[in-house]
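Please keep the sequence and the model in view while reading.

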Amino acid sequence: MRKDRQAGTVRGRLLMLTLALLAAFTLLLAVYGSVMVGDLRERMLLEAEEPLQSYMQEFHNRKESMEQYLSYLAVTNDTFQNLSGQTSREALYLASDALQNELAAMAGMSGGEYLVALYHTGLDFMLAARQSVNLKDELALLEERGFRQALQAELRQRGQPADRWFCVQAGDEVLYVRVAQYKQILCCVACPLSGLLSAAPAGADAVTALYYEGQPLFDAQTPFALPGTPGRAVFQSGYLVAQASEDGLTLARFTPQPAGFTGALPLLLIALAAAVLLIFALGVAYLWNGFYRPVARLAATMEGLQNSSLTPDVLDHVYSGAEFRQMNAALKNLLSQITEWKVKAYEKELERRDAQLQYLRSQIRPHFYLNCLKNLYAMAQVSTPEKMQESIRYLSVHMRYIFSDHAQLTTLGKELELCRNYMALFSSMNVTYPIQCSVEVEPALREKAIPPVTLLSLVENCVKYSFRQDRPLKILLTACLLEGEEGAPLLNVSVRDNGGGFAPEWLDRFNHLESGAGGEGHVGMTNLVRRCRELYGEAFHIAFYNGMEDDEYCGACVDLFIPDEKGESLQDEIADRG
């Protein structure tokens, strides 16, 4: 048994080791795929984000240069400060001539991307710095004039310019504006954002959009919403979104996620992990159903075979493997042979028990028969013909029961009637003190099964050893149903008399009859115990003792404890065997 359990443990460990290896491999593949997908996505995000960040950094540097120059004008430049005191547009125009070259140089420093202008709030007059690059282009000049007019209208409406960069709508263009002020004079720097957008780095199939404070500036080119995470490249709705921000201004580029192998790599890794998981599940199911369960079933069969608790029907399971089918067929054949041998051995044991019981009963019947002949002989000497007839009638009933009953069991009621008939037979020969018999048995218990001649042997023993000529003999027969230690009911039958009781040496012998000793010289008691032991085994018990001195039945007392269920099953067995 221990080796079988160790083998079962080895099988379990082998399966668990295989499953653990498969699980570890699957987990490793899933982690590796996740890391690869994460690295690929991160690399794609960085590649998309870096050009925009570099471009916006250059824009930031030019913007910072412009802001520094504006701060210089507002704080340090006397010429700029003196423009605030001019009282006419002509005077303002003439006084600003000294600044024109400097402002043009600043506009040129930006590569022509910025518009630089002066605005006097008191005179409501705007003067643009002349920049040679823009003057060569009539269209650029017209556009610049439109920008200047939109900027002038915005400054006129604002009254007090914002202390930061802000946007001004100029027709289809949007100007990104910063203003430095000294009293009534303002120096404005404006950047057309369409140029910033058109010069931004773009890839194939990519859409570049520009946002100010989260709102798109050129709606026709921005069919996408700005991602919620500012300044970071993200994947959103099938697009790779890269963005770079600068003082409320956000430049975003929307690139469709790559197709081909690169685009399909995450899906391929997910599909590969799913396939491995599926293979893992199928492998587990195959090992479980094709190896572990058949081995466990065969191990349980072998254990049941060792415990003698199986029938061939248990091995009707169909195995998928040829080896297991062959082993199962061999075990089934072996179990069928063992079952057949057990049935034959059981039948032989029943035959042996029947022969043993018949032998014991054959010993009892002559015993009773000789006692009855002795009684008839005594009765013929002392009784009248009428009394003789009555005794013979009792004797015929008694002899018919003794010699015609071949069943292994009878009912308690029949046995009680036999005992009454025996005591009436004995009393018919003693007219002075007839035997007084009391029976305390419930009607339902009279149908309980007991071995025949059991109570008669005890009653005869009472009559033989307790009867006295100088006083009446009283015998009490009782029965009750008790609950055994394991819950099985026990029929307790008690026989008591008012005689002198058992002698100490006989009491000790009788109480050792269950162990197979102490029966020498007392055939009736010995046979009674041996017959009951053959029928009930260790479930049968008998107790011999003497009654209390102040009790009415203070003589010999015998208690039988007969298993009720065993008796009923034996009745069924006898009925089945005919």
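In which helix does leucine 27 lie? Leucine 27 belongs to helix 1, which covers residues 2–75. The model discussed here is a predicted one.

## A nonpolar patch on the surface

Leu27, Val31 and Val35 together make a nonpolar surface patch of about 270 Å². Leucine 27 has a relative accessibility of 57%, and it therefore counts as exposed, since the cut-off for that class is over 50%. As a general point, an α-helix has 3.6 residues a turn, so residues three or four places apart point the same way.

An open sheet is formed by five strands in the order 2-1-5-4-3, and its pairing is antiparallel. Strand 2 (125–128) and strand 3 (166–170) are the edge strands; each has a single partner strand, so one side of each is left without a neighbour in the sheet. From one strand to the next, the twist averages 35 degrees. In general, the strands of a sheet pair through backbone hydrogen bonds, in either a parallel or an antiparallel manner.

Strand 1 (residues 115–120) is joined to strand 5 (residues 185–192) by six bridges, and the two run antiparallel. Within this pair, histidine 120 stands opposite isoleucine 185, and tyrosine 119 stands opposite leucine 186. Strand 1 is also joined to strand 2 by four bridges, again in the antiparallel sense. Here leucine 118 stands opposite leucine 127 of strand 2.

## The two faces of strand 1

Are the residues of strand 1 mostly covered or uncovered? Strand 1 is mostly covered, with six of its six residues buried. In a regular strand, the side chains alternate between the two faces of the sheet. In strand 1, Leu115, Ala117 and Tyr119 point one way, while Val116, Leu118 and His120 point the other way, and all are buried.

Strand 1 and strand 2 form a hairpin with four residues between the strands. Aspartate 124 lies in the loop between these two strands. The phi of aspartate 124 is near 50 degrees, which is a positive value in a residue other than glycine. Aspartate 124 has a relative accessible area of 22% and is therefore partly exposed.

Lysine 183 is found in the loop between strand 4 (173–182) and strand 5. Its phi is also positive in a residue other than glycine, with a value near 55 degrees. Lysine 183 has a relative accessible area of 59%, so this residue is exposed.

## Helix 11

Helix 11 is mostly covered, since twelve of its 16 residues are buried, where buried means under 20% relative accessible area. The buried residues include Leu412, Leu416, Leu418, Met423, Leu425 and Phe426. Also among them are Glu415, Asn421 and Ser427.

Another open sheet of five strands has the order 12-14-15-17-16, and its pairing is mixed. Strand 12 and strand 16 (541–546) stand at its edges; each has a single partner strand, so one side of each is left without a neighbour in the sheet. The twist in this sheet averages 15 degrees from one strand to the next.

Which sense of pairing joins strand 12 to strand 14? Strand 12 (residues 436–440) and strand 14 (residues 474–483) pair in the parallel sense, over five bridges. In this pair, cysteine 437 has isoleucine 475 of strand 14 as its bridge partner. Strand 14 and strand 15 (residues 489–497), by contrast, run antiparallel and are joined by nine bridges. Alanine 479 has valine 493 of strand 15 as its bridge partner. These two strands form a hairpin with five residues between them, and glycine 487 in the turn has a positive phi of about 90 degrees.

The bridge partner of isoleucine 542 in strand 17 is leucine 560.

Terms used:
Residues are numbered from 1 along each chain as its sequence is written. This is a predicted model: local features need pLDDT of at least 70, side-chain atom pairs count only at pLDDT 80 or more; totals for chains, interfaces and linings use all residues. Side-chain values use heavy atoms; hydrogens and water are left out. Two strands pair if DSSP finds at least two bridges between them. Axes are lines fitted to C-alpha atoms, for helices over the stretch in contact, and angles run from 0 to 180 degrees between N-to-C directions. Patches are made of residues with over 30% relative accessible area and no salt bridge: like charges are joined within 9 Å, nonpolar side chains (Val, Leu, Ile, Met, Phe, Trp, Tyr) within 5 Å. Accessible areas come from the Shrake-Rupley method with a 1.4 Å probe; for residues, only the protein chains shown count as cover. A salt bridge is a side-chain nitrogen of Lys or Arg within 4 Å of a carboxyl oxygen of Asp or Glu. Buried means under 20% relative accessible area, exposed over 50%, partly exposed in between (1.4 Å probe, protein chains only).
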